[in-house]
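This briefing covers selected local features of one protein model. The sequence and structure are shown first, and the points that follow are grouped by topic.

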Amino acid sequence: MAPSPCALCTTSRALIIRPKNHQKLCKPCFLTLFETEIHNTITANSIFHPGERIAIGASGGKDSTVLASVLKTLNERYNYGLELLLLSIDEGIKGYRDDSLETVKRNAVQYEMPLSIVGYDQLYGWTMDQVVSQIGKRGNCTYCGVFRRQALDRGAARLGITHVVTGHNADDIAETVMMNLLRGDLPRLSRATSIVTASAASDIKRSKPLKYAYEKEIVLYAHHKGLDYFSTECIYSPEAFRGSARTLIKNLEKVRPSAILDVVRSGEDMAKLVPSEVSSSGAFVANENDIVVTIGGEGEDDQGCGSSNGRASGGEMAVMEKQLRDEEKQDSKKTQDHYETDFTLRGQQHDRHKPAVPAKTAKKIPKQQLQRCGRCGYLSSQSVCKACMLLEGLNKNRPKTEIHVSVEEEDNSPTLTRRMEGLTTAHYPSSNVT
């Protein structure tokens, strides 16, 4: 069979089949189209403004590496006028984060971007390895998500930056939509679908330029651009609830390639239907004049590495990466084979004759007041922020595991909670900057 021509230029031989729509493209056209779509997303949503300093949440994984590469390319091509920096979080996971940070350091040199690294041990006195040894693998992503959010905000504040971009892609957004539907969390569904969100915990806003980019296309882009990225999955993330939503989304994609974007668009439409009194539960009164500011919530991304922040998918993505490497070694002139696995979706039929349940009277949701955490000074809707609450539980049990001191020594030594009192959004122990 004769090779298929590129659907765009019609002159070169097609080498890539886009997972999003099965369009056959040559390598140059695919790379250009991918970058153009990201540019259109940025301009359509007015994500940046000239002269802005942007911190790229860099983990060394495919998403953040592609994000950094694309933003550098677009910034130069379209003269955005941005100052780009890399901001990494060291959760303290041996065999995973320490290796990925080496990739980030190489990226900083390759893209000529300054790099700042903030560690959990510096901010909280705990690494994730220590947290997991204390609480086990179940629920550890919640700790990591809360700590990561504060760490990113504190790192950005230390650099004097008010805008952080993350590598969340279309797959991640679809998974989040599905998770919030399963949990019945309408306020969070409304916030999760926004491409630009402010934070409940600080003045730093976040944006997701890769919101409409498929994870598989990000892998293809990274491969054909020859980008240097880390592709090992976090050793603690398989226990996350997000994994179940991810499996469901991947199965839907096999049957209907557009399912990922369909779920994202559906989530956006459903978010518009959320009653104002419900969506405003994520709003905080910023001052005494009752000016309401819509924000993302302190735990908007509590799933930690289960989200795209640093997550490099194992399983299907690892297989895809290996297949791309193997194909490049061959001298074949055939286009990539595309296999689909059909499966049957089975559902339960609901009884339509059940008596209607009386509608419950809607409760008025009180607006929450934004205030400083009484322990660490971090902005929160409660007198004690989530991080300090989690740390309190950890510190109460810590002597049972690895700190062996007498009662007298323990009483005379400063606890992490006391050390956290000295931290503010702008001041905390210095991080490793390269």
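In this predicted model, helix 14 comprises 12 residues, 386-397, and extends 18 Å between its first and last C-alpha atoms, close to the 16 Å expected at 1.5 Å a residue. Two individual positions are then described: Arg18, in a loop between two strands, and Ile56, in strand 3.

**Helix 14**
- The buried residues of helix 14 include Ala387, Cys388 and Leu390, together with Leu391, Leu394 and Asn395.
- These six positions lie on the same side of helix 14, because the arc they cover around the axis is only 160 degrees.

**Arg18**
- The loop that holds Arg18 runs between strand 1 (16-17) and strand 2 (24-25).
- Arg18 has a relative accessible area of 3% and is therefore buried, the cut-off being under 20%.
- A polar contact of 3.0 Å joins the side chains of Arg18 and Glu37.
- Beyond residues up to four places away in sequence, Arg18 touches Gln23, Leu25, Phe30, Leu33, Glu37 and Glu217.

**Ile56**
- Strand 3, which contains Ile56, spans residues 53-57.
- Ile56 counts as buried because its relative accessibility is 0%.
- The C-alpha atoms of Ile56 and Val164 are 5.9 Å apart in space, although the two residues are separated by 108 residues in sequence.
- When residues up to four places away in sequence are not counted, Ile56 touches Ser64, Leu67, Ala68 and Leu71, as well as Leu84, Leu85, Leu86, Leu87, Met113 and Val165.

Technical notes: Residues numbered from 1 in each chain as written. Predicted model: local features only at pLDDT ≥ 70, side-chain atom pairs only at ≥ 80, totals over all residues. Heavy atoms only, no water. Helix = DSSP H or I, 4+ residues; strand = E, 2+ residues; numbered from the N terminus. Expected span 1.5 Å × (residues − 1). Buried < 20%, exposed > 50% of the residue type's maximum accessible area, 1.4 Å probe, protein only. Arc of directions from axis to C-beta. Polar contact = N/O pair within 3.5 Å; in protein donor to acceptor, adjacent residues only side chain to side chain. Contact = heavy atoms within 4.5 Å.
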